[in-house]
Every structure is written in C-alpha cells, then in structure tokens.
Amino acid sequence: MASVKYLLPQKSDYEWGIITRTVGQQDVPAGSNYPIGEHPDDYLFFVSEGRVLREAQIIYITRGSGWFVSVHQPRTSLRAGDAIVLYPGEWHNYAPNKETGWSEAWIGFTGPFADLLLEKFLPDRSHPIHHVGLSDSLSVAFEKASQIAQDQLPAYQQQLAGYIALIVSTVYAKGRQLPYRDNPDANNIVVAMKHMRQNLHRNLNMEEVAAEAGMSYSKFRKVFKAYSGYPPAQYFLRLKMERAKDYLQSTSFSCKEISFRLGFDSASYFNKMFRLSQGMTPMEYREKPPGGCSDG
C-alpha cells in the first residue's frame, strides 16, 4: 500500500500561513530496501547519508520497528505508535528494521503558522520522538489528509492546514497524557472531575471530593493540579463560571437565580467571583447595561 503526494501550492494558499508540501502513507514489507519509490530532488533520501529538509515533517509509525538519529538525537529504536518530528534545516536519518519493515504515514509543511505550531507545542529538538501510542484518531487524521491531497479539490490546502494543526496538537496532547496512561491516580481524578460536574449546584468541600475519589486530600490536591493545571477548588470554580456564562447567554435567569443554581451563598458573592474570573460583571457579559447583580 502506498499513497504519496508532493504538492504545488498556489499563491493564494500562502495567505493561510501554512502550506502542505507532501502527504503520504506506505507499507514497507520486511526485507525491503528503504526508501521505496522515486522522489523529487528536494526529498531524495539515502539511508547511507541521511538528509536535511527545508520543511517540517511529522512521521507516524503504525506497524513494525526501526531507528532514528538526528543532530540532537542519538540513534534510537522506534516502534509502532511512535511519532517523529523532523525539523527544517536539521540533519536526520531513519529507516525500518529489515526484519520487520514498518507502516508509516507522514505530512510535511512550512510557513509562519507552521513555525508557530512547532515553537508552541513541539519546540524541543532534543526530543523529536514522541511515544503517542497506536491512536485511531491520529491514524484517521493522516488518512483523511492523504485523501484530500489525492483529490486536490478547491481549497484543499486550507483543509490540510486544519489537519496539520490537528496532528500537531494530538502528538502534543498524547505526550502530555503519557504519564497518566494506566495510572490509577488518573482514573481517580477523572472520578473527581465527574463528581464536580454533577454537583455544580452545591458548594462542594474539596476534602469531600478527595474522599469521593478515594484519595487523601494532600495527594489529591497534588495529583489534581498536575493532571488539570489547576488546584481542585479553582477548577471547580471555573466549571461554575462556564455554566454561569451558558445561563447568561442562553436563558433569562436573573443573577439571583443563577447564583442559587450554582450553589453560591448570595448573588452579590456570585457577582464578585464572576467579575474576578471574567473581568466583567454578569450583566456586562450578557451585553445589557453595565451593572452587577443584587441580592434582589
């Protein structure tokens, strides 16, 4: 199986700030020479020499095993579920093991928005290998990008820009989630978050939430913040504020009614917390004349 496209963008495509140069998927059987097939001069690749690309690429291995080496990465084994970031202007080399071969998918891209994505989410050139695991969502993203590149319907570059953002963000997110895979503490935090969402009408005590999750409060607070980025009480307040914004935008509930539905002691306290978290009063958020909520 092979699906390889090298793309020629139009001038208008550059306005999006991200250009897809190549998209592909291929199966490399065990015992095969690598790389397979013919490629344009900019993509010529000899395993005996390695290469330097002018663009960024993300390669995703879905079967088999191999190796990778770059200026910043010593020769490292690869396995199914690994994603590799190839940085522009950096020498690198890689290949499947002869004994196993591999299946790979890739997408190559350039442009100022592409640079921003890498700088924001995948900036560390000393760690170009990401153990994302076998991910259906990531595989589907590469498959759909490959099909879009094959069809090349109008505005296909703009569609591919969206898939590049999806692929980069998925690789980033899978890396962030790695420490929590098969981790019972992570499951406990998910239980706690569910308990919070189901009890937005209450003034929950976080020690109660920790008990619901089956954890001591000190451990719960530490693990919760590492998992979510927020202390438990702050996370719970953010949930309440998001629900409050929904009420303000989609209902005619008074601030007193909203404060009651969200377990605040008074409308004035709700108004104070909303202003602190959102930088405006509930009524300003609702785009009515400026003013806060009173207890009446």
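## Packing of α7 against α9

Helix axes are here lines fitted to C-alpha atoms over the stretch in contact, and the angle between two of them runs from 0 to 180 degrees between N-to-C directions. In this predicted model, helix α7 (residues 232-250) packs with helix α9 (residues 267-278) at an angle of about 100°, and their axes are 11 Å apart. Since angles of 65 to 115 degrees count as roughly perpendicular, α7 and α9 are therefore described as roughly perpendicular to each other.

On the α7 side the contact is made by L237, M241, A244, K245 and L248, which meet F270, M273, F274, S277 and Q278 of α9. The residues of this contact comprise seven nonpolar, two polar and one charged.

## Aromatic pairs

Across the whole structure, a search finds 16 aromatic pairs. One of them is formed by Y6 and Y43, whose rings are tilted, with 4.7 Å centre to centre and 45° between the planes. Because Y6 belongs to strand β1 (residues 2-6) while Y43 lies in the loop between β2 (19-28) and β3 (56-70), the pair ties together parts that are 37 residues apart in sequence. Y6 is partly exposed, with a relative accessible area of 27%, whereas Y43 is buried, at 11%.

Y34 and W102 form an edge-to-face pair, with 6.0 Å centre to centre and 85° between the planes. Y34 is located in the loop between β2 and β3 and W102 in strand β7 (residues 102-110), so this pair ties together parts that are 68 residues apart in sequence.

## Charges over rings

## Backbone features

Y34, already described as part of the edge-to-face pair with W102, is joined to P35 by a cis peptide bond, for which omega is about 0°. P35 is placed in the loop between β2 and β3.

Conventions. Residues are numbered from 1 along each chain as its sequence is written. This is a predicted model: local features need pLDDT of at least 70, side-chain atom pairs count only at pLDDT 80 or more; totals for chains, interfaces and linings use all residues. Side-chain values use heavy atoms; hydrogens and water are left out. Rings of Phe, Tyr and Trp (its six-membered ring) pair if their centres lie within 6.5 Å; planes under 30 degrees apart count as stacked, over 60 as edge-to-face and the rest as tilted. Helices (H or I, at least four residues) and strands (E, at least two) are DSSP runs, numbered from the N terminus. Buried means under 20% relative accessible area, exposed over 50%, partly exposed in between (1.4 Å probe, protein chains only). Angles under 35 degrees count as roughly parallel, over 145 as roughly antiparallel, 65 to 115 as roughly perpendicular and the rest as oblique. Contact means heavy atoms within 4.5 Å. Ala, Val, Leu, Ile, Met, Phe, Trp, Tyr, Cys and Pro count as nonpolar, Asp, Glu, Lys and Arg as charged, and the others, Gly among them, as polar.
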